[in-house]
Amino acid sequence: LPRRGYVAHGQFGTSTIETLATWAGPASQKLFGIGGGTLAEFTSGSPGGSLLTGLSNARFQKIEFANTGGNWLLICNGSDGPYKYDGSNWSVAAITGDGFGAESFETVTEYKGRLWFTISGTTQAAFLEPDSIQGQATSFEVGQNFNFGGYLQAIGTWMIDSQGGPLDLLCFMSSNGEVAIYNGTDPTQ
């Protein structure tokens, strides 16, 4: 039987919360909600003040990423940011690209210590240097692998068991249902 009822953790005015994102550090955790063009913290229940405002939409993709600089929460939606959270402050991630703006990053995933993004409405992915949360992003064209056209909709990872042990692969999914698989460590080679 499904569980009956619920207990409200927090309310965001009259706006619907469309994205929940958590940040987990070594000693604490925080919960954020995004709705109505605003991001607020909900760790203690009711929103603790607006931390980001004027967002074009509230449907963000997110990832927690740890590197030598700390623990991070990175969010993107194809129109705003991307934004990064370091455990204390939100800021725009200083990511530059050649021929695209980082605000067009729609989804984000981690593969072998490197962040990968979809670029909204294109067949291009973009990636950062290993262990980086910002910096120069390099484009990676995958459209030639999609026989049915469309655009790059998502990137994910797939681990399979091979004769030599686990094999970690990167999957590029098109808007028309195709998947292109990448098996490598350094996409610059």
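In which strand is the place of Thr 107? Thr 107 is found in strand β10, where strands are DSSP runs of E with at least two residues, numbered from the N terminus.

## Basis of the model

This is a predicted model, in which local features need pLDDT of at least 70 and side-chain atom pairs count only at pLDDT 80 or more, while totals for chains, interfaces and linings use all residues. Residues are numbered from 1 along each chain as its sequence is written, and side-chain values use heavy atoms, with hydrogens and water left out.

Thr 107 counts as buried because its relative accessibility is 13%. Buried means under 20% relative accessible area, exposed means over 50%, and partly exposed lies in between, using a 1.4 Å probe and protein chains only.

The side chain of Thr 107 has a polar contact of 2.8 Å with the side chain of Thr 118. A polar contact is a pair of N or O atoms within 3.5 Å; within protein, one must be able to donate a hydrogen and the other to accept it, and residues adjacent in sequence count only if both atoms are side-chain atoms. Not counting residues up to four places away in sequence, Thr 107 touches several others, including Gln 61, Cys 76, Trp 116 and Gln 153. Contact here means heavy atoms within 4.5 Å.

## Nonpolar cores

The largest nonpolar core has 18 residues. Such a core is a set of buried Ala, Val, Leu, Ile, Met, Phe, Trp, Tyr and Cys residues joined through side-chain atoms within 4.5 Å. The residues with the most contacts inside the largest core are Leu 74, Ile 95, Phe 105, Val 108, Leu 115, Phe 117 and Ala 137. At least two residues of this core come from each of β5 (61–67), β6 (70–76), β10 (105–111) and β11 (114–119). A second, separate core of 14 residues includes Phe 32, Leu 73, Ile 75 and Tyr 83.

Leaving aside neighbours within four places in sequence, Ala 137 is in contact with residues including Ile 95, Phe 100, Phe 105 and Leu 128.

## Salt bridges

The count of salt bridges is 2, each requiring a side-chain nitrogen of Lys or Arg within 4 Å of a carboxyl oxygen of Asp or Glu. One joins the side chains of Glu 18 and Arg 59 at 2.6 Å, N to O. Glu 18 is in the segment before β1 (19–24) and Arg 59 in the loop between β4 (50–52) and β5, 41 residues apart. Glu 18 is partly exposed at 40% relative accessibility, and Arg 59 is exposed at 61%.

Asp 186 and Arg 114 form the other, at 3.9 Å, N to O. Asp 186 lies in the segment after β16 (179–182) and Arg 114 in strand β11, so this pair ties together parts 72 residues apart in sequence. Asp 186 is partly exposed at 27% relative accessibility, whereas Arg 114 is buried at 5%.

## Strand pairing

Strands β1 and β2 (29–35) run antiparallel and are joined by 6 bridges; two strands pair if DSSP finds at least two bridges between them. A hairpin connects β1 to β2 through 4 residues. Another hairpin, with 2 residues between its strands, is formed by β2 and β3, and Gly 36 in the turn has a positive phi of about 55°.

An open sheet of 4 strands has the order β5-β6-β7-β8, paired antiparallel. Strands β5 and β8 (90–92) each have a single partner strand, so one side of each is left without a neighbour in the sheet. Within this sheet, Leu 73 stands opposite Tyr 85 in β7.
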